[in-house]
Amino acid sequence: MASRMLKFTELDRSMPDKRDAKKRAKDFDEIYADYATEAAEAQASRCSQCGVPFCQQGCPLTNNIPDWLKLVSENRLEEAYQVSSATNNMPEICGRICPQDRLCEGICTIEQSGHGTVTIGSIERFITDNAWEEGWVTPIKPPKERKQSAGIIGAGPGGLAAAEQLRRKGYKVTVYDRYDRGGGLLIYGIPGFKLEKYIVERRIKRLEDSGVKFKFNTSIGDKLKLSDLRDKHDTLLIATGVYKARDLMVPGSGHESVHAALDFLTTSNRKGLGDEVPSFDDGTHDASGKNVVVIGGGDTAMDCVRTAVRQGAKSVRCLYRRDRANMPGSQREVANAEEEGVIFEWLAAPEAILDTKAGKLKAVRAARMKLGAPDPSGRQSPEKTGETFDIKADMVIKALGFDPEDLPELFDERALTVNRWGAIKVDFATLETSIPNVYAAGDIVRGASLVVWAIKDGRDAAEQMHKRMRQMDRDMAAAKVAAE
C-alpha cells in the first residue's frame, strides 16, 4: 500500500496541539496533546520511505522508523507497536524526551529537502501510548526460566532496559537502587511537563509483574558491598548514572541561595509526587516570588528555567556563555521556555555572585562574551569582551553538567578501574569492567548523555551478560562430561 506514503508534498508537517503558554506555565502537566489516530496516520504518511533511512542512522537505537511509520499510515497499530518495541524498551518515553531535532528528525530526508521533517517523536509516543490503552503492553513471559541470576545497580533507563532484556531471556533479575522509587532521572530529574510520572511508574510495574525484583533504598557500599552482590549473583551490571554536580567556580558561589540543578529538580518532582519535602516547604528550593538565574545551556538548564516559571518565579533568566546556535540543549526546549517567559542572556558568563551587607543574595555579575577561534573539535571558544553587567537574583541554579561519583570508594571496591574523569573503564567490545563478569553501561561509562544512549548501552550490556552466562553453562557441561 505504498500509495499511502510520500505525502510530504501535499500534506504539511503538523505537531500535536500545544497548550497555551500562559495556561501551561501554571501547572506541571505535559504541554503537548495526544495525536488523534487520524492525525497520526496522516503525519506518518508524509514519510518518503527513502532507500537509505537517515532517520534510522540518526537514532542511537537504530529504530526501524520507516517501517513503523508505514504501519501507522495503514492503521496497523498493533504491528507498529511490535516493530517499535523490538528495538526500544521505552518508546513512549523517548518519544517525549529525546531531542529529535538533533537526532532522527534533524536528518530526515524530507527535512533536508525543505518540506519539514516527519514528526517522528510524536508518532513514536502515539504508538506506545495507544498500545498501553489497548492492553497490548503485557508482562514478560520468558520462553524458559534459567537458573542464573543477574544483579543490576541502578534503576535508571540503562538499568531498566538491561533488566527487561535479561528477564526476556529467562534470568532472575534484581535491581538495586539507592532511591525510594525506580526510574532514576526519569522520575526525579525530568519535570512532569516533559514526562508525567505515571508513564515511568507503569514501566516499573510491568517489570515487577514480569518477575523483576527491586530493592529500593539500597546504597551499595554501605551495608551491602559490591563483593556481596558478586557472591549473590552470577553476573552484575553497574548502571548508576552520574550525579555529581559540576561546581560554579566564581567568588560567592558557596552562597546558601546558590543551588545544584538536580537538588532543585528533585525537590520539585518529589513535591509533585506528593512527598513531604522540607526544603521546598521552607522556601529553600521554592522559586515562588523570586528572581531566578539559571546558569547553563543544556537540557537540564531548560528543565530548571521552566520549573522555576511554574513555581511562580518573579523573573527567570538563563545565562549561557555561547550563542543560541551553539548551545547543547534542544532548540525546541529553548522555544518552549521563551514562550513561557524565560529571558535568555546569550554570550554571558558568571563572574561573581553578589550579596548585600546583610548576606542576602543580590545579583549575578556576568561577563559579556564573544566567540573566538574554534577549539580542536571545531567548536568556537568563548572569550571575554571586558564588559560586565549585573542581573538581579534571589536564587541561582547551577546547571553545568554532571560528573561520576567516586564509585571505587562508594562501593568499597578498589579493583574497579576508572578513567581520568572518574567514569568506569570497560572493554568497549563487551562492556565488561576490570572485574570479571561485572559490566557497566550508560552515563557511568560514557559521561552525562541522553536517555536513548543509556537504553542502548543497557541492551548491549544485557546481550554480553547473556553470552557470558551461556558460555559458563557450556563450560560447566563440558567439565561434567570430562569428570564422568
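Helices (H or I, at least four residues) and strands (E, at least two) are DSSP runs, numbered from the N terminus. By this definition, the protein has 19 helices and 15 strands. Its radius of gyration, taken over C-alpha atoms, is 24 Å, close to the 23 Å that the globule rule (2.2 Å times the number of residues to the power 0.38) gives for 484 residues, so the protein is as compact as a globular protein of that length.

The model is predicted: local features need pLDDT of at least 70, side-chain atom pairs count only at pLDDT 80 or more, and totals for chains, interfaces and linings use all residues. Residues are numbered from 1 along each chain as its sequence is written, and side-chain values use heavy atoms, with hydrogens and water left out.

The table gathers values for the whole protein.

| Property | Value |
|---|---|
| Span of the C-alpha trace along its principal axes | about 85 × 60 × 45 Å |

Buried residues (under 20% relative accessible area, 1.4 Å probe, protein chains only) make up 55% of the 484 residues. Of the contacts (heavy atoms within 4.5 Å) with a separation of 6 or more, 70% come from residues 24 or more positions apart.

Threonine 128 lies in helix 8, residues 120-134. Threonine 128 counts as buried because its relative accessibility is 0%. Leaving aside neighbours within four places in sequence, threonine 128 is in contact with Tyr81, Ser84, Pro91, Glu92 and Arg203.

Methods. Buried < 20%, exposed > 50% of the residue type's maximum accessible area, 1.4 Å probe, protein only.
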